[in-house]
Amino acid sequence: MTTDTPVAEESQTPLNPKPRVVVRPGRHRKPMSATTPQRNTRATWKKVITVLCVVVILAFLAVAAYFIQQLIQSKYFFCSKSVKFIPLQQACDGKQDCTDGEDESTCVTHFMDNSSFPIRLFSNLSVLQIYSASENKWGSVCAEGWTQQHTQAACQQLGYTVNPSYTTVQLDDVSSELKMVFYAVGPYSMQSIQSQISNKKTCSSGSVVTLSCSDCGPEAPESRIVGGQSALIENWPWQVSLQQNGQHTCGGSLVSPNWVVTAAHCFNSMGEVSRWRVMAGKTYFSSLGGSSVDKIIVNKNYNAPRNDYDIAMMKLSKPLTIGGSVKPVCLPPHNLGLTGGAPLVVTGWGNLQEDGKLSSDLQKANIPLISQAQCASPVVYGNSITSRMLCAGYLNGKVDACQGDSGGPLVYFGRQWMLVGVVSWGVGCARQGRPGVYTNVDQMLNWVYSVMEQTS
């Protein structure tokens with residue numbers, strides 16, 4: 001017999017029931033959101049502000065350190081081995097003030113070409129000529145037997161290695177001076193080109209070799225120098241700024257990935273190489289970054305009082321990466337044959353007017369070549385003009401290079417842009433009857449090629 005004992009059911013009624021909420025039609029509850037304690041929000045903001053303050057302080061210290069470094073470097077030379085500073089004017093003064101002559105080891109050097117560079121490109125056709133020391137003669141190279149390997153070797157000797165190529169030109173199309181002596185090359189060997197030649201009375205092929213040694217001087221698309229106009233560096237990608245202790249001092253022209261041609265007078269007052277940097281690829285003037293300099297070589301014949309042989313070269317510590325805004329200009333062939341009135345272009349960041357301020361952006365000016373006879377006439381510059389100089393501009397003034405443009409390029413466009421002049425000197429800027437005077441690069445080619453070959 002079983003007995004059913006009643007079990008108390010679990011109560012579903014809360015002990016403290018709240019008033020029942022009646023949901024009315026058309027009314028919706030608001031979504032619930034978790035609230036962040038106010039204490040945590042304040043702590044997070046404090047951390048953010050602290051981090052920002054630290055970043056600002058560090059940035060300020062970095063900028064201050066940079067300017068302090070620039071200030072010290074503008075006045076002192078640091079002897080790293082003896083750990084001491086000496087006044088900057090004692091560096092490169094011919095006396096050893098640092099241990100092991102450290103202050104005299106990185107100075108501007110002087111170089112003189114003592115012999116003819118054995119290879120040259122001649123006339124506007126760029127005909128290859130080789131010099132025979134035994135015969136003491138220049139001769140054009142016959143096309144027979146010439147190969148791409150010969151081309152690469154010859155161009156490398158000229159200091160170029162980018163996309164060298166050759167073509168041939170018929171003898172009927174060259175001037176008489178290119179048909180006076182002929183040389184032919186034998187099968188290619190590792191010897192220098194000039195050691196592989198033999199004399200010939202005539203070229204059996206009826207043609208001679210012309211060279212294009214580098215992918216240089218690209219044509220500038222159409223797009224202050226006093227009286228000039230703004231320009232883009234992409235149109236003049238060989239233009240560089242030479243900066244001394246962070247200050248623009250001169251212009252220069254990139255002629256290969258690691259060589260710059262400029263003016264000798266840019267280094268009259270500063271012979272310590274580490275003070276210089278080269279800025280490339282910039283339309284707007286900037287002193288941040290740039291390439292360090294390994295060597296500065298001044299023409300040993302440079303005559304400061306006469307401004308004669310006013311040319312120098314800078315070798316960069318590392319070759320520049322060639323691209324859209326950084327490309328070399330071509331060196332001209334010997335005897336390019338430009339005459340008065342030939343159209344030229346000068347570029348730079350120099351003063352926009354005499355005794356004015358530097359331009360913040362690159363400027364260009366179109367100017368004509370002035371004949372040697374006219375420039376050396378008594379009413380212009382007289383006997384101040386030598387064969388190492390050429391003049392360009394307008395005798396009535398208005399357009400000219402100016403201070404800060406020194407060392408920069410004067411270029412001419414044939415098949416490519418060619419560096420025909422280096423901004424050198426003049427009386428004032430854009431004065432009537434006083435055009436700009438430029439170093440004649442044609443007369444300096446032997447020196448330029450010798451520097452690139454012998455000081456690399």
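View 1. Phenylalanine 267 is buried, with a relative accessible area of 7% (buried means under 20% relative accessible area, with a 1.4 Å probe and protein chains only). This is a predicted model, in which local features need pLDDT of at least 70, side-chain atom pairs count only at pLDDT 80 or more, and totals for chains, interfaces and linings use all residues. Residues are numbered from 1 along each chain as its sequence is written, and side-chain values use heavy atoms, leaving out hydrogens and water. Tryptophan 276 is buried too, at 1% relative accessibility. The ring centres of phenylalanine 267 and tryptophan 276 lie 5.0 Å apart with planes at 65°, so the pair is edge-to-face (ring centres within 6.5 Å, planes over 60 degrees apart).

**View 2. Threonine 262 in strand S14.** Strand S14 spans residues 259-262 and includes threonine 262 (strands are DSSP E runs of at least two residues, numbered from the N terminus). Threonine 262 counts as buried because its relative accessibility is 0%. Its side chain comes to 2.9 Å from the backbone oxygen of glycine 251. Beyond four places in sequence, the contacts of threonine 262 include Phe267, Asp310 and Val422 (heavy atoms within 4.5 Å).

View 3. Eight aromatic pairs turn up in the whole structure. One of them joins tryptophan 236 and tryptophan 417 edge-to-face, at 5.1 Å centre to centre and 70° between the planes. These partners are 181 residues apart, tryptophan 236 in the loop between strands S11 and S12 and tryptophan 417 in strand S22. Both tryptophans are buried.

Conventions. Helix = DSSP H or I, 4+ residues; strand = E, 2+ residues; numbered from the N terminus. Buried < 20%, exposed > 50% of the residue type's maximum accessible area, 1.4 Å probe, protein only. Polar contact = N/O pair within 3.5 Å; in protein donor to acceptor, adjacent residues only side chain to side chain. Phe/Tyr/Trp six-rings, centres within 6.5 Å; stacked < 30°, edge-to-face > 60°.
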